[in-house]
Amino acid sequence: MLDYPIRVLHVVSKMSFGGVQSFIMNYYRHIDRSRVQFDFTVQSTEKGEFDEEIIMLGGRIHRIAPLYIDRKHFTIDLEALLTSCPEYRIIHTHQNFMNIVPLAIAKQRRIPVRISHSHSNYRATSISKTLQRAIFRKSIRFFATDCLACSKSSGKWLYGSSFGKHDNDAVIHNAIDLDHFTFNQEIRREIRNKLSIQDKYAIMHVGMFSPVKNHGFLLEIFNEFHKQNERSVLVLVGDGKGRATIEDKIHRLDLDEFVLLLGIRNDIPHLLMGADCFVFPSANEGFPVAVVEAQATGVPCLVSKEAVPPETNITGNVHFLSINDNPKYWANRIFSLSDGFVRRDMSELVTSSGYDIKTESEKLENFYVKMAKKG
């Protein structure tokens, strides 16, 4: 007989804005919290943007030493936490190749359900990293009871080519709340009025200012596009340590008047409805939820084929180009996408593809309950 709610301990670096955190929070908001409750180990003394919401939803936040900086004290802290909180029978880790550390600790503490989750898909940058990955793939199934991923390609990246051939493998979609993202013409008019872009062609990007998001290349694309269409703007949503570098490049390209830096926003669905094209030239990604959100609003998307997996294209509105192609080629492709494009409701396609959070959160909830019964 299970005691409800089942408390799932998520291992993350910090509950701040980011792809992994947004994934977890999307499911957390929609799961039946009388059956399953989320708690978190965070590896920072700084407050995360989601901390208050987590507490409001009934979750707990445990602060432990950072794994990447101090593995010894991370181990001590996590062992102490699992000893003092025997109610945790499920641990769900979100740190890619470092998942093996908390999972090994959890196995030693006899936690029966130990979940590894892959959220990325980036190349190794050294021989040592390549060797580390090979060791991980050989040993992860000894420590993890279940191997999850945001996409097939992300699963193969973390667990090897055999991902999907084991009974305990599963893809958990980066699902979204369609109630917020279904296209609305009136909302489009309102947001374009607020941004004073009523008669402009608006290219949009959502992502933190970090090298993998490739903002520098995005600016070069927009610069080429703007040469051909002066009534165009680039809308950048997000923030991060790389923002100053991007602001400097905007100034050097003399685009200050035509690039809107909106920072972190809570009205992304409305902003996407106001956009005319979504451009996402990342160098590395797992399964970018931003591309799913953009598709749900019906906007055409142009993305990098090196980083964005093919299964991201759930509506037929995603077009793939190489980041090795020159910016002018990308700009010309944006022009071709805008020619005769008619925006339409994508709700049915998104739902049938498995990206409606209402349906998917129920599946994850039932998965946790099933695993807890086994444990």
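Biologist: Aspartate 199: buried, exposed or partly exposed?
Modeller: Aspartate 199 counts as partly exposed, at 44% relative accessibility. Buried is under 20% relative accessible area, exposed is over 50%, and partly exposed is in between (1.4 Å probe, protein chains only). This is a predicted model, where local features need pLDDT of at least 70 and side-chain atom pairs count only at pLDDT 80 or more, while totals for chains, interfaces and linings use all residues. Residues are numbered from 1 along each chain as its sequence is written, and side-chain values use heavy atoms, leaving out hydrogens and water.

Biologist: What does lysine 200 form with aspartate 199?
Modeller: A salt bridge, with the closest N and O atoms of lysine 200 and aspartate 199 3.6 Å apart. The term means a side-chain nitrogen of Lys or Arg within 4 Å of a carboxyl oxygen of Asp or Glu. Lysine 200 is partly exposed too, at 22%.

Biologist: Which side chain does glutamate 285 meet in a salt bridge?
Modeller: That of lysine 213, at 2.6 Å from N to O. Glutamate 285 sits in the loop between strand 11 and helix 12, and lysine 213 in the loop between strand 8 and helix 9, so the pair ties together parts 72 residues apart in sequence. Helices (H or I, at least four residues) and strands (E, at least two) are DSSP runs, numbered from the N terminus.

Biologist: Are those two buried or exposed?
Modeller: Glutamate 285 is buried at 10%, and lysine 213 is buried at 15%.

Biologist: New topic. What joins Arg7, Asp39, Arg60 and Glu87?
Modeller: Salt bridges with shared partners, which make them one network.

Biologist: How many salt bridges does the structure hold?
Modeller: It holds 24.
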